[in-house]
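Subject: Structure handover

Hi,

Here is the structure I promised to pass on.

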Amino acid sequence: MDESDPLAPFEAFGSASPLKLSRMQKIVAARMAQNWTAIPHVTHHDEADVTILEAYRNACPPDRKLTALVFLIKAVALTLRSLKQFNVSLASDSSTLVVKDYVHIGIAVDVEGGLLVPVLRDCDRRSLRDLGKEVQEVSSEARGKGLPYDRMTGGCFTISSLGGIGGTGFTPIINAPEVAILGVSRTVVRPMWDGEAFQPRSMLPLSLSYDHRIINGADAARFCREIADRLGDPQSLE
Ligand code: CAO
């Protein structure tokens with residue numbers, strides 16, 4: 001067997017062909033491995049009742065309808081302002097926390113052959129319409145010609161939404177030097193007990209991975225509850 005041939009161990013069992021990783025895939029792979037091994041991850045699962053939010057979105061004319069992700073970006077941004085322990089980074093001396101006064105949020109965008117994370121600036125201070133416009137622009141730019149490096153730096157927190165594809169929950173990997181990341185799966189209508197009867201409610205699964213050196217489980221539970229509460233009052237996010 002040729003030791004220098006990466007295909008050799010596989011070709012012993014059948015036909016196989018090589019496919020070189022792109023530069024972007026190599027960078028993403030190295031960062032994922034580094035973050036997964038260096039950061040003690042815990043993933044907290046919860047779900048938000050988005051029945052009112054869905055009715056609110058569906059009441060908008062089709063050309064003005066915003067995706068649920070846009071409401072989520074604003075809800076997360078406001079929650080980062082109130083639960084400030086999530087808007088920090090561990091400095092390189094490993095003994096100083098950098099507490100940020102700005103709220104910049106990264107959005108994972110599924111692009112051919114990889115993943116890009118554009119960062120939206122000052123999400124806590126912007127309207128839903130403005131955020132929605134940027135999500136559309138930046139995701140089509142990411143899928144087209146790609147994004148310049150400075151569009152993907154300086155994030156405080158990342159949201160990874162797989163809701164349009166499917167799934168009930170997953171463990172997103174923290175995007176260092178951030179200390180938490182929110183994964184979102186597909187909204188489902190489920191019977192929920194209201195104390196007297198089962199009611200059909202639209203439930204959005206939330207999966208919050210957090211750096212357990214810096215954030216404790218109770219805070220993670222509070223973070224998800226606050227997001228759920230904010231999504232329950234969509235008008236207040238406008
Ligand atoms: N539940 C059910 N359906 C959902 C949903 C959810 N949580 N989120 C989106 N959808 C469906 C809806 O049909 C929605 O249309 P309406 O708003 O009209 O109902 C449609 O998907 C919109 O999807 P979209 O992808 O065009 O827009 P988005 O704002 O939801 O997401 C983006 C934008 C760029 C985040 C997304 O396209 C994407 O790339 N997601 C993948 C991210 C990813 O790869 N994460 C993994 C990273 S780690 O490997």
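A polar contact here is a pair of N or O atoms within 3.5 Å; within protein, one must be able to donate a hydrogen and the other to accept it, and residues adjacent in sequence count only if both atoms are side-chain atoms.

Before the rest, a word on the source. This is a predicted model, in which local features need pLDDT of at least 70 and side-chain atom pairs count only at pLDDT 80 or more, while totals for chains, interfaces and linings use all residues. Residues are numbered from 1 along each chain as its sequence is written, and side-chain values use heavy atoms, with hydrogens and water left out.

Thr158 sits in strand E8 (helices, H or I with at least four residues, and strands, E with at least two, are DSSP runs numbered from the N terminus). Thr158 counts as buried because its relative accessibility is 2% (buried is under 20% relative accessible area, exposed over 50%, partly exposed in between, with a 1.4 Å probe and protein chains only). Beyond four places in sequence, Thr158 touches residues including Gly106, Val117 and Leu182 (contact means heavy atoms within 4.5 Å).

Ligand oxygen atoms lie 2.8 Å from a side-chain N or O atom of Arg57 and 2.7 Å from one of Arg143. A ligand nitrogen is 3.1 Å from a polar backbone atom of Ser185.

What about the nonpolar core? The largest has 49 residues, of which Ile73, Val76, Ile105, Phe157, Ile159 and Leu231 touch the most other members (such a core is a set of buried Ala, Val, Leu, Ile, Met, Phe, Trp, Tyr and Cys residues joined through side-chain atoms within 4.5 Å). Helix H4 gives the most to this core, with nine residues. Leaving aside neighbours within four places in sequence, Leu231 is in contact with Ala48, Phe71 and Leu237, among others.

Finally, Pro191 belongs to strand E10 (residues 188-193) and counts as exposed because its relative accessibility is 55%. Apart from residues up to four places away in sequence, Pro191 touches Phe198 and Gln199.

Best wishes
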